[in-house]
Amino acid sequence: MPNSTDASAPPNRPGLSRGAMIIAGLVLLLLILHQDNWLWHNDTLLFGFMPIGLAWHAGISIAASCTWFLATRIAWPLDEEGEQ
């Protein structure tokens, strides 16, 4: 174990956890998928009444809520002092 005065030791900084990186990746993916340029001129109706573009945005909204749920479960910082 390196000594705290050792100049070769990396600084003691809290980094992003693996869960936080997954959430950041999901948010980036949602940002990319939100740009639905390919559905602007599509007149297809889903279930006979819902435009495909609206259905796409409904799906993005559901995915965003799932991502936020995962963010609160995986990457939310814990306040260890407040739990006691």
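Trainee: What is the relative accessible area of Ile-22?

Mentor: This is a predicted model, in which local features need pLDDT of at least 70 and side-chain atom pairs count only at pLDDT 80 or more, while totals for chains, interfaces and linings use all residues. Residues are numbered from 1 along each chain as its sequence is written, and side-chain values use heavy atoms, without hydrogens and water. Residues are called buried under 20% relative accessible area, exposed over 50% and partly exposed in between, with a 1.4 Å probe and protein chains only. Ile-22 counts as partly exposed because its relative accessible area is 45%.

Trainee: In what order do the elements of the protein chain run from the N terminus on?

Mentor: Helices (H or I, at least four residues) and strands (E, at least two) are DSSP runs, numbered from the N terminus. The protein chain has two helices and two strands. From the N terminus on, their order is α-β-β-α.

Trainee: What percentage of the 84 residues in the protein chain is buried?

Mentor: The count is taken over the 84 residues of the protein chain. Of these, the buried residues make up 14%.

Trainee: How far does H1 reach from its first C-alpha to its last?

Mentor: The expected span of a helix is 1.5 Å times one less than its number of residues. H1 has 17 residues, and 24 Å is expected. The reach in the model is close to that expectation, at 24 Å.

Trainee: Around the axis of H1, what arc do the buried residues cover?

Mentor: The buried residues of H1 are Gly-19, Ala-20, Ile-23 and Leu-30. They lie on the same side of H1 because the arc that they cover is limited. The arc is that of the directions from the helix axis to the C-beta atoms, and here it is only 100°.

Trainee: Which exposed residues are on the face of H1 turned away from its buried side?

Mentor: The question concerns the face of H1 that is turned away from its buried side. The exposed residues carried there are Arg-18, Leu-28 and Ile-32.

Trainee: Which residues make the nonpolar surface patch of about 380 Å²?

Mentor: Patches are made of residues with over 30% relative accessible area and no salt bridge, joining like charges within 9 Å and nonpolar side chains (Val, Leu, Ile, Met, Phe, Trp, Tyr) within 5 Å. A salt bridge is a side-chain nitrogen of Lys or Arg within 4 Å of a carboxyl oxygen of Asp or Glu, and accessible areas come from the Shrake-Rupley method with a 1.4 Å probe, where for residues only the protein chains shown count as cover. One member, Leu-31, lies in helix H1 and is exposed at 54% relative accessibility. The patch is made by Val-27, Leu-28, Leu-31 and Ile-32.

Trainee: What is the angle between the planes of Trp-38 and Trp-56?

Mentor: Rings of Phe, Tyr and Trp (its six-membered ring) pair if their centres lie within 6.5 Å; planes under 30 degrees apart count as stacked, over 60 as edge-to-face and the rest as tilted. The count by this rule is one aromatic pair. Trp-38 and Trp-56 form an edge-to-face pair, 5.7 Å from centre to centre, with an angle between the planes of 80°.

Trainee: How many residues apart are Trp-38 and Trp-56?

Mentor: The pair links distant parts of the chain, with Trp-38 in the loop between helix H1 (18-34) and S1 and Trp-56 in helix H2. Trp-56 is partly exposed at 27% relative accessibility.

Trainee: How far apart in space are His-57 and His-34, C-alpha to C-alpha?

Mentor: His-57 is in helix H2, and its relative accessible area of 28% makes it partly exposed. In sequence, His-57 and His-34 are 23 residues apart. In space, their C-alpha to C-alpha distance is 7.3 Å.

Trainee: What is the phi of Phe-47?

Mentor: Phe-47 lies in the loop between strand S1 (45-46) and strand S2 (50-51), and it is exposed at 70% relative accessibility. Although Phe-47 is not a glycine, its phi is positive, at about 60°.
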